[in-house]
Amino acid sequence: MKTALITGITGQDGSYLTELLISKGYLVHGIVRRSSTTARARLDHLFHREDIYNKQLFLHYADLADTTTIRRIMLKCVPDEVYHLAGQSHVGASFEIPETTCEFTAMGTLRLLEIIRDLERKPKFLHISSSEIFGRPDQAPQNEQTPMRPVTPYGIAKAFATQMVTLYRESFGLFACNAICYNHESPLRGESFVTRKITRAAAAISRGLQDSVSLGSLDGRRDWGYAAEYVEVMWRMLQHEQADDFVVATGSDFSVKDFLSASFRTVGLDWKNHVTQDPRYMRPSEGTRLVGDPGKAERVLGWKAKTTLPKLAELMVQADLEKLDRVAV
Ligand code: GDP
């Protein structure tokens, strides 16, 4: 039986990964921030399973800045694999709180690498990197060789963390990998990301609960995949014989307008009648044409994204409709 330790276990990816690893028979340990009580809802169904909670799934409380506690947890759990998913992951928010973003996203990763470097039995390490490291790239699609040109505090912090992971692999021999993930969404996506904001609004508008939704720029293009599929490739990366970095993407990009159109079509509405724009949601700078080339992940790991637009928007709107209907009952 393998043991995994997950940072950011209460997040979207953390909850999908936990389900995947539990289904594979892993013992799963998760690190939870004391403050993240509300976010734990994503794992609620597992907490209530007597055969799982505190038998196959264990939670430990620590802040990523709390090196001593993290080291103690690592020594206690003796993980075979560490999945580092935690960090302030909202690009827009990173302009408001750049120091916190760098503290958790950049330094938090370095601290974990330093702890692992000192361990006698070193676990394999997976870091979720981000397409934001490419910022405004010269080429589209981007691959593992594309130079990093981040243009947001989050992207800059992620570029630091990504390069540290590569350095620790090459210089200290750690089995450390970067999953360079493009945007990945699901019904569990945080409500302030544009996709979920749109699917919740489409559901609520169709039920007559609100009239419109206020957004920022509609021109940004993203390579949107389905989070439940992305955790599979994270696991495969650590089962591969060699540690390496992989772009994780669908290979197709769509605009915010495309996402709006697919979401509102699901409920039989025209998005143009329900969207207003608000400068509050505009960003000081943005990445452009972020679309990934997932060719290496397919060749080496046999992984390919299956769900993209419009299916992705449809399944998210359906889930939000079901949620509203459950509350209404
Ligand atoms: P990320 O920035 O790529 O991590 O993902 P987001 O979902 O936060 O944003 C994706 C795109 O949607 C970006 O180009 C945003 O500028 C754009 N966008 C437009 N309106 C909104 C909004 O109200 N909230 C967010 N989060 N993004 C918006």
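The buried residues of helix α3 are covered by elements that include β1, β2 (27-32), β3, β4 and α5 (98-118). Contact here means heavy atoms within 4.5 Å. Buried denotes under 20% relative accessible area, exposed over 50%, and partly exposed in between (1.4 Å probe, protein chains only). The model is predicted, so local features need pLDDT of at least 70 and side-chain atom pairs count only at pLDDT 80 or more, while totals for chains, interfaces and linings use all residues. Residues are numbered from 1 along each chain as its sequence is written, and side-chain values use heavy atoms, with hydrogens and water left out.

Helix α3 spans residues 67-77, and T69, I70, I73, M74 and C77 are buried in it. These buried residues line one face of the helix, because they fall within an arc of 140° seen down the axis of α3. The arc is that of the directions from the helix axis to the C-beta atoms. The face turned away from the buried side carries the exposed residues R72, L75 and K76. V78 follows α3 and has a positive phi, near 45°. Helices (H or I, at least four residues) and strands (E, at least two) are DSSP runs, numbered from the N terminus.

Seven strands form an open sheet in the order β3-β2-β1-β4-β5-β6-β11, with parallel pairing. The edge strands, β3 (57-61) and β11 (246-248), each pair on one side only. From one strand to the next, the twist averages 20°. Two strands pair if DSSP finds at least two bridges between them. Strands β1 (residues 3-7) and β4 (residues 81-84) run parallel and are joined by four bridges. L5 has V82 of β4 as its bridge partner.

Two helices were examined against the sheet. Helix α6 (residues 153-172) lies across β5 and β6 (176-181), running at about 150° to β5. Helix α8 (residues 227-239) packs on the sheet and touches β4, β5, β6 and β11. The direction of α8 makes about 140° with that of β4. Axes are lines fitted to C-alpha atoms, for helices over the stretch in contact, and angles run from 0 to 180 degrees between N-to-C directions.

H127 is placed in strand β5 (residues 124-130). H127 counts as buried because its relative accessibility is 0%. Leaving aside neighbours within four places in sequence, the contacts of H127 include H84, T109, K158 and N178. The side chains of H127 and N178 make a polar contact (2.8 Å). A polar contact is a pair of N or O atoms within 3.5 Å; within protein, one must be able to donate a hydrogen and the other to accept it, and residues adjacent in sequence count only if both atoms are side-chain atoms.
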